[in-house]
Amino acid sequence: MSLPDVWLSAPAVRLPPKVVRNDEMLDRVRARFRGSDAEWDRVDRRIRSLFRACGTDVRYLEDDAPRPLGGHAAAAAADLLATHGLDPAALDAVVYGSIAREYYEPATACEVAANLGADSALAYDVTAACAGSVLAVQELVGRAAVDDSLRNALVVTATMTAGHVQYDIPDAASVDLLGAGLTLGNASTAMLLSREPGPGRARVVAMHAESMSRHHALCRAPIDGHFVTDGPAIFALVRHLPAHLRKTCERAGWRPDEVDFFICHQPSNAVLRTLAAGLEIPRENLPTLHGLYGNCAASAVPVAWDHLRRAGALQPGAKLMLATAASGFIMASVAVVWEG
């Protein structure tokens with residue numbers, strides 16, 4: 001099935017006001033540590049090594065995230081609608097593509113739509129770990145292909161980790177499972193999918209998604225528990241991404257070296273260096289921004305796209321690949337052409 005003529009806007013992004021650097025994260029772990037000084041030295045070295053490997057420096061955190069959580073996503077969405085001069089009543093759908101949630105039901109998207117005043121919009125969630133925002137875009141593109149009445153839709157995220165990062169790390173061996181949570185950053189984002197071209201939008205030309213579910217146990221974030229991941233094992237799965245992205249390029253009619261920017265999920269700079277090597281592309285074509293924002297999970301791709309736009313790096317006609325991988329193991333990508 002061919003894709004409909006649809007355009008995806010550059011994101012609106014809201015970051016929490018609190019900037020947290022690595023030393024403060026280590027202080028939080030130290031304050032809860034109950035072991036010996038010798039064991040703390042090992043924990044400290046292991047966490048610092050993790051930060052160096054990932055390139056972690058800065059993250060923005062809501063330690064006491066205001067409730068309701070959907071209000072964060074709604075604030076970013078309101079910014080976006082104002083930028084595009086769109087009345088919330090003109091929205092046909094609102095899709096929440098993030099992990100963070102306060103309850104099993106209703107869909108967080110319903111709360112976001114209500115906060116915006118988009119009462120008649122179809123509202124639902126797409127939950128796919130860090131791939132949620134990209135898969136939400138794909139879901140809406142597919143819906144637009146079969147439903148002519150869908151004219152304007154929002155994809156929103158709210159990555160809020162308060163209560164889910166484990167600072168109580170009892171020994172050095174536990175850093176491999178709990179340490180990745182210390183690299184997480186918070187952000188709320190919104191993107192507009194529309195039938196109409198316009199300033200600040202990109203034409204959707206191809207998309208692809210796939211899962212390797214045998215790896216589902218490598219990373220978990222329980223609703224009422226702490227984020228736990230086998231970092232080395234989940235990062236090793238990056239070896240599958242080049243083939244996935246080559247498939248998306250093929251669908252778009254592009255070669256990987258023709259893509260101006262691969263705008264990717266940012267779990268670690270080392271992962272992105274490996275991906276650039278696997279795609280045989282220059283490093284500058286795959287921006288590494290983890291050190292500026294941390295791992296923003298489902299918000300990471302919109303945050304990276306917004307960063308490039310604000311930096312003036314995007315020229316009309318630029319070929320962009322929005323790409324993510326997530327626990328599950330899930331890979332998803334969308335090829336777009338920036339129209340400026």
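Analyst: Let us begin with the hairpin of S13 and S14, where 3 residues lie between the strands and Gly328 takes a positive phi near 145 degrees. The names come from DSSP runs numbered from the N terminus: helices are H or I runs of at least four residues, and strands are E runs of at least two. This is a predicted model, in which local features need pLDDT of at least 70 and side-chain atom pairs count only at pLDDT 80 or more, while totals for chains, interfaces and linings use all residues. Residues are numbered from 1 along each chain as its sequence is written, and side-chain values use heavy atoms, with hydrogens and water left out.

User: How many bridges join S13 to S14, and in which sense do they run?

Analyst: Two strands are said to pair if DSSP finds at least two bridges between them. S13 and S14 run antiparallel and are joined by 8 bridges. Within this pairing, Leu320 stands opposite Val336 in S14.

User: Which other strand pairs with S13, and in what sense?

Analyst: Strand S12 (residues 261–264) pairs with S13 in the parallel sense, over 4 bridges. Phe262 has Met321 in S13 as its bridge partner. In a regular strand, side chains alternate between the two faces of the sheet.

User: Where does S14 continue the pairing?

Analyst: S14 (residues 330–338) pairs with S9 in the antiparallel sense over 9 bridges. Here the bridge partner of Glu210 is Met331 in S14. S9 (residues 201–211) is also paired with strand S1 (residues 7–9), again antiparallel, over 3 bridges. In that pairing Trp7 stands opposite Arg203 in S9.

User: Is S13 mostly covered or mostly open?

Analyst: A residue is called buried under 20% relative accessible area, exposed over 50%, and partly exposed in between, using a 1.4 Å probe and protein chains only. S13 is mostly covered, with 7 of its 8 residues buried. For the chain as a whole, 59% of the 340 residues count as buried.

User: What does one read for the whole chain?

Analyst: One may start with its elements, which come to 11 helices and 14 strands. The radius of gyration, taken over C-alpha atoms, is 19 Å, close to the 20 Å that the globule rule gives for 340 residues, so the chain is as compact as a globular protein of that length. The globule rule is 2.2 Å times the number of residues to the power 0.38. Along the principal axes, the C-alpha atoms fill a box of roughly 65 × 45 × 40 Å.

User: How should I read empty space in a model?

Analyst: Rolling a probe the size of a water molecule over the atoms shows where empty space is left. On a 1 Å grid over the protein atoms alone, a cavity is a set of points where a 1.4 Å probe fits but cannot get out; a pocket is an open set with protein on both sides within 12 Å along at least five of seven lines; lining residues have an atom within 4 Å of a point. Grid points are joined across faces, edges and corners, and a volume is the space filled by probe spheres set on the points.

User: What is the volume of the largest pocket, and which residues lie nearest its centre?

Analyst: The largest pocket has a volume of about 970 Å³. Its lining has 48 residues, and Ile99, Ala129, Cys130, Phe227 and Ala297 lie nearest the centre. S13 provides the largest share of this lining, 4 residues. By class, the lining divides into 32 nonpolar, 12 polar and 4 charged residues. Ala, Val, Leu, Ile, Met, Phe, Trp, Tyr, Cys and Pro count as nonpolar, Asp, Glu, Lys and Arg as charged, and the others, Gly among them, as polar.

User: How many cavities are there of 30 Å³ or more?

Analyst: The count comes to 3 cavities. The largest cavity has a volume of about 40 Å³, and among the residues that line it are Gln266, Tyr293 and Gly294. Helix H11 (residues 300–310) gives the most to this lining, with 3 residues.

User: Is Gly294 buried or exposed?

Analyst: Gly294 is buried, with a relative accessible area of 2%. It is found in the loop between helix H10 (290–293) and H11. Contact means heavy atoms within 4.5 Å. Leaving aside neighbours within four places in sequence, Gly294 is in contact with Val58, Arg59, Thr183, Gly185 and Gln266.
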